[in-house]
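Open the model in your viewer and keep the sequence panel beside it. This tour goes from one selection to the next and says what is there.

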Amino acid sequence: MRFSGLFTKTLREIPAEETAKNAQLLLRGGFVFKNSAGVYSFLPLGWRVMSKVIKIIREEMNAIGGQEMFMPALVEKKYLEATNRWNLDVGFDVVTKKNPDADSTGSRQAGFALGWTHEEVLTAIASKYVSSYKDLPFAAYQLQTKFRNEARAKSGLLRGREFMMKDLYSFHADEKDLFDYYEKVKEAYMKIFERCHLRAIYTVAGGGAFTISNTHEFQILSDVGEDTILICSQCEYAENSEITKLKEKDECPKCGGGMFEAKAIEAGNIFPLGTKYSEAMDLKFVDEKGEKKYVVMGSYGIGVSRLMAVIAEIHNDEKGIIWPENVAPFNAHLITLFGKDNDFQEDVKKKAEKLYEDLNKNGIEVLFDDRKDKSPGEKLADADLIGCPYRLIVSPNTISAALCEVKKRANKKPEKLSDFQNVEQLIKYMK
RNA sequence: CGGGGCGUAGUGUAACGGUAGCACGAGUCCUUUGGGAGGAUUUAGUCCGAGUUCAAAUCUCGGCGCCCCGACCA
C-alpha cells in the first residue's frame with residue numbers, strides 16, 4: 001500500500017482527552033477512530049492489525065477442531081428468557097420505531113437484544129442437530145461484534161460498549177470429555193497469546209453471569225488492568241482477587257512459593273458451563289444405553305479488539321507502537337529520502353519503486369511512504385508511530401552501498417548496509 | 001448508577017464579563033528531503049437550549065458529550 005493513497009493521517013499531538021496509552025497510540029497512528037465512548041471504528045491500518053490477530057485465532061481454533069460459523073447480532077427475547085438472562089442489565093434492547101408489541105401504555109417493548117453472548121443461540125441451533133451420543137462432541141466458534149451496555153466504558157479499547165469477540169462453544173456427552181477439551185482450549189489460548197507476544201497468566205476466577213462454577217481467565221500483567229490477581233512467583237499459579245482467599249505473601253497452594261499481587265488485563269476467559277444451558281433449553285441426547293441425558297457444554301471467549309489494544313499497551317516506546325511481527329499492519333515500512341544532491345533523485349525514486357514491486361511480488365507486505373511533500377523527519381516519525389517491524393530507507397546515502405537501509409523498529413540502530421545487496425538477502429533477513 | 005474534571009477551527013492551546021488570538025494542519029505559489037523545514041497568501045472555531053447583563057467562550061440553570069475515580073462488570 002502506498003502512504004500517499006491511505007485516506008487516514010497520523011496525528012502529531014497526543015489526543016488531549018485520552019490518558020490510556022492504547023487509545024493515545026491507536027488514535028495517533030490512525031488505526032482507530034473514536035465514534036463515541038467505547039465505540040470505535042477500525043481504520044485501514046487498524047483493521048489490518050485486527051485481521052492479523054483474527055488470523056492467528058482462526059488457525060488455533062481450527063487446530064482444535066473448532067468449526068467457524070456466524071450467528072445473528074439480533075438475539076430474540078425468547079432465547080434469553082429461557083435462561084433468565086433477558087432481564088440482566090448487560091446489553092442493549094432493540095426497540096423499533098413501530099413495534100406491534102407496544103403495550104397498553106403505548107411504550108415500545110423490545111423483541112430482541114443486541115447479542116452480548118451467544119450460548120442460548122447456539123444451544124437452540126444444536127438442539128436441532130444433536131440427538132445421539134454419536135453427534136457429540138463438537139465445537140463451533142464465531143468472530144463477531146458483541147454489544148454490552150457498559151456503565152462506564154473506559155481505557156480506550158480495553159472496555160468498550162461494542163467490541164470484537166471470538167466466542168467458541170463446545171458440546172460434550174460427559175464432564176470428562178468437556179474437561180479434556182477445556183485443556184485443549186487452554187493450550188490453544190496460550191499459543192494465541194504467545195503468538196501475539198503476550199505473556200498470559202492462567203488464572204482461576206468466578207463465573208459471573210455465565211456459570212456458577214470456577215472459570216479460568218488469561219490475564220496479561222499491566223498496571224492499567226482492572227483486575228487484581230494473586231500470582232505465585234515460582235509456578236505462576238494465579239487466582240483472581242474476586243474469588244481468592246489468598247493474600248500477598250501467602251504460600252502458593254500448588255508449590256509453596258510466595259504469592260504476590262498484581263494488576264492485570266483479562267484478555268480471555270474460559271467457562272465450564274456444565275448442563276446449565278442444555279437444561280434450560282432442553283438440549284438432550286441419547287447415550288449408548290438409550291438413556292436421555294443433558295449435553296455438557298463449555299464456552300470460551302477472547303476479546304479480539306481488546307487483545308489488539310493490549311498489544312499496543314504493552315509493546316510501545318515514546319515514539320509509538322512496536323507491533324510484533326505476527327500482527328503488524330505491514331511487514332515493512334519503506335521510505336524514500338532524496339538528499340541535497342538533485343542528481344540522485346531519479347535513482348532513489350526508481351530504486352524504491354522497484355524494491356516496492358519486488359517485495360510485493362514475494363508476498364512481503366509493504367507500506368510505501370512515497371509522499372513527496374513530506375520532510376524526512378515527518379516520514380521517519382510516522383514510521384516509528386505506525387510501528388511496522390522493519391523500516392527500509394532508500395536514499396542517496398544507501399544508493400551505491402546497498403539495496404536499502406534496514407532498521408528494526410525495536411532497535412535503535414540500523415543493520416549493516418553491506419548485508420543487503422539484493423532482495424533475496426533482504427527477504428531472508430525479514431523472514 | 002454515585003462523585004470529580006472538562007467541552008474554543010481538523011489537532012493542540014490562549015482570551016478580567018468588553019475586538020475570539022496563536023501554533024500545527026489543510027489550499028495556492030516559490031524554495032526545501034537523514035528526525036515532525038522556510039517564506040508569501042488563503043481557509044476554518046466558542047457542544048446545544050434557556051436565563052442574568054448594555055455586553056457571555058467566560059456567570060446561572062437544563063440537556064448532550066468526553067475523560068477520570070468508585071460501584072458494576074464474560
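Keep in mind throughout that the model is predicted.

**Helix α1**

Now select residues 21-28, which make up helix α1. Most of this helix is covered, with 7 of its 8 residues buried. Colour the buried ones: Lys21, Asn22, Ala23, Gln24, Leu25, Leu26 and Leu27. To see what they pack against, show β1 (32-36), α2 (44-63), α7, β17 (316-317) and β18 (320-321).

**Two domains**

Zoom out and colour chain A by its domain assignment: domain 1 covers 10-317 and domain 2 covers 332-430. Taken over C-alpha atoms, the centres of domain 1 and domain 2 are 40 Å apart.

**The largest nonpolar core**

Next, select Met308 and Leu334. Within the largest nonpolar core, which has 110 residues, these two touch the most other members. Helix α7 (residues 304-314) supplies the largest share of this core, 8 residues. Both domain 1 and domain 2 contribute at least three residues each to this core. As a general point, nonpolar side chains in soluble globular proteins tend to be buried together.

What is Leu334 in contact with, leaving aside its neighbours within four places in sequence? Its partners are Ala352, Leu355, Tyr356, Val366, Leu367, Phe368, Asp369 and Leu392.

**The open sheet**

Show the four strands of the open sheet, in the order β20-β19-β21-β22. Their pairing is mixed. In general, strands of a sheet pair through backbone hydrogen bonds, either parallel or antiparallel.

Which strands stand at the edges? They are β20 (366-369) and β22 (405-408); each has a single partner strand, so one side of each is left without a neighbour in the sheet. On average, and ignoring direction, neighbouring strands of this sheet are turned by 20° against each other.

Select β19 (residues 332-336) together with β20: the two pair in the parallel sense over 4 bridges. For one place to look, pick Ala332, which stands opposite Val366 in β20.

**The helix across the sheet**

Last, select residues 345-361, which form helix α8. Helix α8 lies across β19, β20 and β21 (390-394), and runs at about 165° to β19.

Definitions and conventions. Residues are numbered from 1 along each chain as its sequence is written. Chains are lettered from A and ligands numbered from 1 in the order in which they are written. This is a predicted model: local features need pLDDT of at least 70, side-chain atom pairs count only at pLDDT 80 or more; totals for chains, interfaces and linings use all residues. A nonpolar core is a set of buried Ala, Val, Leu, Ile, Met, Phe, Trp, Tyr and Cys residues joined through C-beta atoms within 7 Å. A residue is buried if 20 or more other C-beta atoms lie within 10 Å of its own, exposed if 12 or fewer, and partly exposed in between; C-beta atoms are placed from the backbone. Domain bounds come from an automatic or database domain assignment. Two residues are in contact if their C-beta atoms, placed from the backbone, lie within 7 Å. Two strands pair if DSSP finds at least two bridges between them. Axes are lines fitted to C-alpha atoms, for helices over the stretch in contact, and angles run from 0 to 180 degrees between N-to-C directions.
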